[in-house]
Amino acid sequence: MAQALNQALRDALAADPSVHVMGEDVGTLGGVFRITDGLARDFGDDRCTDTPLAEAGILGAAVGMAMYGLRPVVEMQFDAFAYPSFEQLVSHVARMRNRTRGALPLPITVRIPYGGGIGGVEHHSDSSEAYYLHTPGLHVVTPATVEDAYGLLRAAIASDDPVVFLEPKRLYWSKADWSPQAPAEVPPIGRAVVRRAGRGATLITYGPSLPVCLEAAEAAKEEGWDLGVVDLRSLVPFDEETVAEVVRGTGRAVVVHESSGFGGAGAEIAARITERCFHHLQAPVLRVAGFDIPYPPPMLERHHLPGVDRILDAVGRLQWEEG
Amino acid sequence: MTVLDTPAWRPRTEAGPLLPDQEPFRLLGTPEAARLAPDLLTRLYAQLVRGRRFNRQATALTKQGRLAVYPSSTGQEACEVAAALALGPRDWLFPSYRDTLAVVARGVDPVEALTLLRGDWHTGYDPRAARVAPLSTPLSTQLPHAVGLAHAARLSGDDVAALAMVGDGGTSEGDFHEALNFAAVWKAPVVFLVQNNGFAISVPLAKQSAAPTFAHKAVGYGMPGRLVDGNDAAAVHQVLTEAVDRARAGQGPTLVEAVTYRIDAHTNADDATRYRDQDEVATWRAHDPITLLEGELTGRGLLDDALRQRAAEDAEALAADLRTRMHDDPPLDPADLFAHVYAEPTPQLREQAAMLGAELEAEQRS
């Protein structure tokens with residue numbers, strides 16, 4: 001996935017001279033995750049810029065650059081390091097189009113490596129999507145596959161609206177049969193994709209939890225449960241149609257994400273499913289999420305992150321009756 | 001090689017030339033003022049008089065309920081006017097919420113400049129057409145924007161500078177620091193103007209900063225700091241013009257502290273008698289920017305009745321126009337609520353727009 005993201009940045013820089021990559025360590029080092037590897041060498045320091053270490057300054061400067069017609073792609077090094085830029089994001093980035101009645105749209109992509117599972121110490125494993133998706137004016141996107149990493153990032157950079165692009169860092173090293181020469185076409189931002197069809201119940205998930213859900217669906221076959229898996233890909237816009245259609249077909253749904261459950265994305269999704277599919281539901285919509293605790297230290301994180309067993313337990317609580 | 005030869009030890013800039021003057025720079029009433037072009041002085045004068053009248057009219061409009069709130073810049077008009085006049089047509093202005101006057105002096109329609117404070121929308125003008133960023137309510141957050149825009153202009157090979165305005169309170173914000181640091185490292189063509197008016201709402205200077213002056217803060221970032229009498233319109237204009245020229249010449253940013261005073265309260269909703277001494281206000285009233293400039297114009301024989309009358313009539317016409325146009329209720333379209341959130345509304349927003357449409361129809365029927 002890391003290579004696909006690098007290729008997406010590379011192709012975007014080559015295709016459009018207004019695209020600029022910026023952030024701490026993105027230049028000579030190529031980013032701490034090497035997502036920007038070689039970009040400064042190939043496109044110059046002005047197109048891929050090592051900035052001072054200051055997230056509000058990085059995003060604030062990107063606002064001004066976008067006001068002048070550039071398309072900044074900002075890297076926040078880790079999820080929790082993005083918080084100093086939160087005011088710029090919610091007070092300016094998200095609302096500039098709105099407050100200027102469309103005169104100043106801001107085509108900024110904010111790349112944030114997020115989530116746990118890589119043994120990071122404190123402040124390196126947060127899942128911050130709920131903060132962003134609550135802010136009107138932002139798109140919030142998270143790829144779970146290598147194809148999506150490339151396709152969604154290209155779409156995010158091409159978008160005339162700001163996009164918070166959440167990169168599941170534990171999937172950086174995931175592999176797929178993917179060719180940088182011929183990247184596959186992917187559905188646009190705002191479209192969910194059914195990754196696995198299943199008639200018994202539906203797991204609804206995104207980003208780092210997709211592989212876990214696919215594994216759970218495979219394991220569920222032993223119980224005789226036929227689970228489908230929906231990958232949201234984009235939290236804003238939220239593809240309510242696809243989700244509602246799939247859940248109406250199965251009558252049972254579990255929303256899975258690793259960030260804390262309380263007030264999280266799963267709460268919103270479960271509420272919407274209930275509003276739209278109530279008469280089709282055989283069971284309440286359940287959530288499997290991280291605990292409502294500050295992200296735990298790495299030696300304990302496996303207890304916090306929703307795994308296959310916890311997902312299967314929830315599926316079991318759907319009062320399973322075949323047919 | 002010793003450690004003293006390594007980059008970590010070597011000074012990156014010479015601190016000496018960056019230090020501000022000991023006292024605020026003044027022009028009016030000094031021998032140097034004789035070199036000032038009469039045309040510049042009369043233009044500044046006309047804008048000051050207009051600005052003073054604008055502040056008074058806008059404050060009156062709050063009492064009539066025609067403006068939700070107005071943060072007056074009475075006493076600070078010289079900074080506002082000089083800011084606008086120091087910029088070229090392609091330059092950008094990044095105002096704070098108190099800088100409506102600079103926005104108007106830059107050529108934006110006064111009613112459009114007041115849209116935010118009237119409450120009919122957030123920004124009434126097209127920032128790109130006016131080359132004026134939206135009035136920023138959060139403190140200092142517009143400063144990094146000015147840096148980014150100036151940087152982008154330079155990358156594009158354009159001869160464009162940005163001027164960003166902030167108050168003394170705003171210098172305590174993190175974004176102030178980050179903006180100055182970015183600007184200096186990038187050598188961005190940007191000028192920061194701190195209007196030090198003595199108070200952040202009620203908090204006085206002594207509780208805001210322990211720096212000798214705000215201009216001194218520039219040295220730590222590696223840019224020059226200039227200290228100027230903010231009520232001396234000619235001095236502010238000259239210092240800002242030099243800073244803008246310096247930016248254009250690729251020499252990087254400048255921090256200018258204009259020492260001035262907020263004669264009115266923070267906004268019409270504030271009671272300034274609770275936190276400041278009226279003798280202090282009187283002292284500053286005596287150091288009024290209009291009076292100072294009138295003294296100079298009179299001394300040079302430039303202030304005749306005709307000029308005085310022209311300036312007064314122009315100011316009255318502005319006030320009358322404001323009264324008339326602000327008296328009408330602004331045309332509001334509730335559909336605008338959903339029109340400018342995203343390039344393409346999300347399915348959820350389409351649904352909500354339809355719901356509001358139905359509510360409005362029902363309202364009309366009843």
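The model is predicted, so local features need pLDDT of at least 70 and side-chain atom pairs count only at pLDDT 80 or more, whereas totals for chains, interfaces and linings use all residues. Residues are numbered from 1 along each chain as its sequence is written, chains are lettered from A in the order in which they are written, and side-chain values use heavy atoms, without hydrogens and water.

**Figure 1. The interface of chain B and chain A.** In this view, 44 residues of chain B are in contact with 46 residues of chain A, contact meaning heavy atoms within 4.5 Å. The two chains bury about 3,600 Å² between them, 59% of it on carbon and sulfur atoms; buried area is the accessible area (1.4 Å probe) that two parts lose on being put together, summed over both. B:His145, B:His340 and B:Tyr342 supply 17% of the area that chain B buries against chain A, more than any other three residues.

**Figure 2. The salt bridge across the interface.** The rule finds one salt bridge between chain B and chain A, defined as a side-chain nitrogen of Lys or Arg within 4 Å of a carboxyl oxygen of Asp or Glu. The partners are A:Arg101 and B:Asp336, at 3.4 Å from N to O. Elements giving two or more residues to the side of chain B that touches chain A include helix H7 (142-155) and helix H15 (347-365) of chain B; helices (H or I, at least four residues) and strands (E, at least two) are DSSP runs, numbered from the N terminus. H7(B) gives the largest share of this side, eight residues.

**Figure 3. The largest pocket.** Its volume is about 560 Å³. On a 1 Å grid over the protein atoms alone, a pocket is an open set of points with protein on both sides within 12 Å along at least five of seven lines, a cavity is a set of points where a 1.4 Å probe fits but cannot get out, and lining residues have an atom within 4 Å of a point. Grid points are joined across faces, edges and corners, and a volume is the space filled by probe spheres set on the points. Of the 24 lining residues, A:Leu133, A:His134, A:Val236, A:Glu268 and A:Arg272 lie nearest the centre of the pocket. H10(A) supplies the largest share of the lining, five residues.

**Figure 4. The cavities.** The whole structure holds two cavities of 30 Å³ or more. The largest cavity has a volume of about 50 Å³, and B:Gln47, B:Arg50 and B:Leu318 are among the residues that line it. The second largest cavity has about 40 Å³ of space, and its lining includes A:Met67 and A:His92 as well as B:Phe94 and B:His145.

**Figure 5. Two backbone features of chain A.** The peptide bond from A:Val236 to A:Pro237 is cis, with omega near -5°. A:Pro237 lies in the loop between E10 and helix H9 (240-250) of chain A. A:Asp25 has a positive phi of about 75° although it is not a glycine, and A:Asp25 is placed in the loop between strand E1 (19-23) and helix H2 (39-43) of chain A.
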